[in-house]
Amino acid sequence: MSSLEVEIERILPGGYGLAHAAGHTVFVALAAPGDRLRVRVERQQGNVLFASIEEILVASPDRIEPPCPYFGRCGGCDFQQLTYQKQLAAKAEIIRDCLHRIARLENVPEIVVRPSPRDWRYRLRATWQIDREQQRIGYYERGSRRVCDVADCAVLLPELQATLERVRATEWPKFPSDLKHLDVVAGENGVSLSPAFAEFATAELELTIAGESYSYNAAAFFQINPALLPPLIEFALSDAAGNAALDLYCGVGLFTLPLARRFARVTGVEANPVAAKFARRNLQRAGLENARVITAGVAEWISAKPLQTDFVLLDPPRAGAESVVIKAIVESRAERVSYVSCDPATLARDLKKLIGGGYAIESLAAFDLFPQTHHVETVVRLHLG
Ligand SMILES: C[S@@+](CC[C@H](N)C(=O)[O-])C[C@H]1O[C@@H](n2cnc3c(N)ncnc32)[C@H](O)[C@@H]1O
């Protein structure tokens with residue numbers, strides 16, 4: 001594969017540095033805006049060359065020495081080469097780019113990404129890949145399914161790092177023979193692993209966020225960075241109140257509980273039966289009898305009958321909402337919609353349809369739930385135009 005000299009213009013959705021050379025668009029992994037680089041072309045897709053850094057010719061002023069010894073090989077972090085301020089600026093640019101290019105918004109509102117109180121040792125939840133044959137435990141290597149053996153992961157909360165060390169100290173015959181990965185999550189009262197093995201249990205945990213108490217375990221989704229959840233919930237719900245609200249992709253009820261304090265009737269919908277069970281229990285323990293949780297895929301549930309709701313909160317996985325879900329929201333004529341998203345590209349795709357269906361953006365906020373990576377959480381509040 002050939003080498004090229006390039007200058008990085010900006011960071012794109014997906015976290016790549018953008019450059020142009022020899023009539024091609026070049027996407028460079030792990031770059032900083034302003035870097036002059038010699039890059040090696042790894043593959044070509046249409047006119048786009050995907051490249052990796054061979055040599056830094058002139059380092060960007062925004063570039064720092066990545067502190068993690070696994071950086072570059074491990075597929076977990078891709079922003080450690082940037083100062084934290086530049087990471088936030090790059091994420092604002094990624095959201096702006098998606099809203100402009102995919103949602104076709106002409107006037108993209110000013111975007112400020114709220115920083116995480118901790119930019120290291122913040123992660124409450126992780127998935128550790130296991131390669132029993134090679135006796136490796138860690139994360140997939142960049143662009144591959146090989147497991148990068150990681151002894152110390154600098155973004156994990158200290159209690160998860162201690163658990164990683166205990167898992168790594170476990171004798172290999174004690175690992176189930178078919179174990180491919182472990183989901184792990186921390187709470188106020190310990191750490192939970194799924195599947196359970198050796199001395200590691202899928203323990204039930206507790207965490208209080210913005211005055212609400214949540215129980216969950218490693219078999220259910222929980223947000224990665226708890227420190228930013230109170231302002232995120234506050235922004236997403238704002239002054240919403242009224243008769244009926246929907247919480248789509250509700251997990252263990254992070255938004256369902258505060259919604260049930262503001263609306264007369266709330267329905268949460270969640271596909272994972274473990275998460276749905278915790279959501280019901282969390283509501284019950286809070287004494288909130290005006291909310292129900294349906295265990296179902298949102299697309300299947302929403303297609304069954306027309307919606308009647310004043311407010312919709314949706315927080316889908318990275319793939320965004322299925323098109324039937326957006327169609328049903330538009331047809332419901334719900335007064336207000338709050339879209340919580342961990343992927344600006346799918347968010348922008350869905351916003352385009354909501355705006356086409358008569359909704360207008362009221363306000364937008366972004367939260368850095370994922371320091372050291374290109375990922376960012378965005379919340380968009382919409383109202384019927
Ligand atoms: C990004 S999480 C949000 C969970 C919750 N709102 C929270 O903040 O904790 C997405 C949730 O959607 C669930 N999910 C994924 N696909 C789904 C589907 N098609 N229908 C319903 N729930 C789904 C996942 O199990 C997960 O709990």
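**Exercises on aromatic rings and ligand contacts**

**Exercise 1.** Determine whether F200 is buried or exposed in this predicted model.

*Solution.* The relative accessible area of F200 is 4%. Buried means under 20%, so F200 is buried. The same test applies to F197: with a relative accessible area of 5%, F197 is buried as well.

**Exercise 2.** Classify the ring pair formed by F197 and F200 as stacked, edge-to-face or tilted.

*Solution.* A pair of aromatic rings is described by the distance of the centres and the angle of the planes. For F197 and F200, the ring centres are 5.3 Å apart, and a pair requires centres within 6.5 Å. The planes stand at 40 degrees, so the pair is tilted. Both residues belong to one aromatic cluster, together with W172 and F175.

**Exercise 3.** Identify the ring over which the charged end of R381 sits.

*Solution.* The ring is that of F235, and the charged end of R381 is 4.3 Å from its centre.

**Exercise 4.** Describe the surroundings of the ligand and its contacts with the protein backbone.

*Solution.* First, the ligand is surrounded by 17 residues, of which Q223, E270, A271, V298 and D315 are the closest. Next, this shell comprises 10 nonpolar, four polar and three charged residues. Then the backbone is examined: a backbone N or O atom of V298 is 2.9 Å from a ligand nitrogen atom. For Y249, a backbone N or O atom lies 3.1 Å from a nitrogen atom of the ligand. A polar backbone atom of A271 is likewise 3.1 Å from a ligand nitrogen. Finally, of the 590 Å² of accessible area that the ligand has on its own, the protein covers 86%.

Terms used:
Residues are numbered from 1 along each chain as its sequence is written. This is a predicted model: local features need pLDDT of at least 70, side-chain atom pairs count only at pLDDT 80 or more; totals for chains, interfaces and linings use all residues. Side-chain values use heavy atoms; hydrogens and water are left out. Rings of Phe, Tyr and Trp (its six-membered ring) pair if their centres lie within 6.5 Å; planes under 30 degrees apart count as stacked, over 60 as edge-to-face and the rest as tilted. Buried means under 20% relative accessible area, exposed over 50%, partly exposed in between (1.4 Å probe, protein chains only). A charge sits over a ring if NZ of Lys or CZ of Arg is within 6 Å of the ring centre and within 35 degrees of the ring normal. A residue is near a molecule or strand if one of its heavy atoms lies within 4 Å of it. A polar contact is a pair of N or O atoms within 3.5 Å; within protein, one must be able to donate a hydrogen and the other to accept it, and residues adjacent in sequence count only if both atoms are side-chain atoms. Accessible areas come from the Shrake-Rupley method with a 1.4 Å probe; for residues, only the protein chains shown count as cover. Ala, Val, Leu, Ile, Met, Phe, Trp, Tyr, Cys and Pro count as nonpolar, Asp, Glu, Lys and Arg as charged, and the others, Gly among them, as polar.
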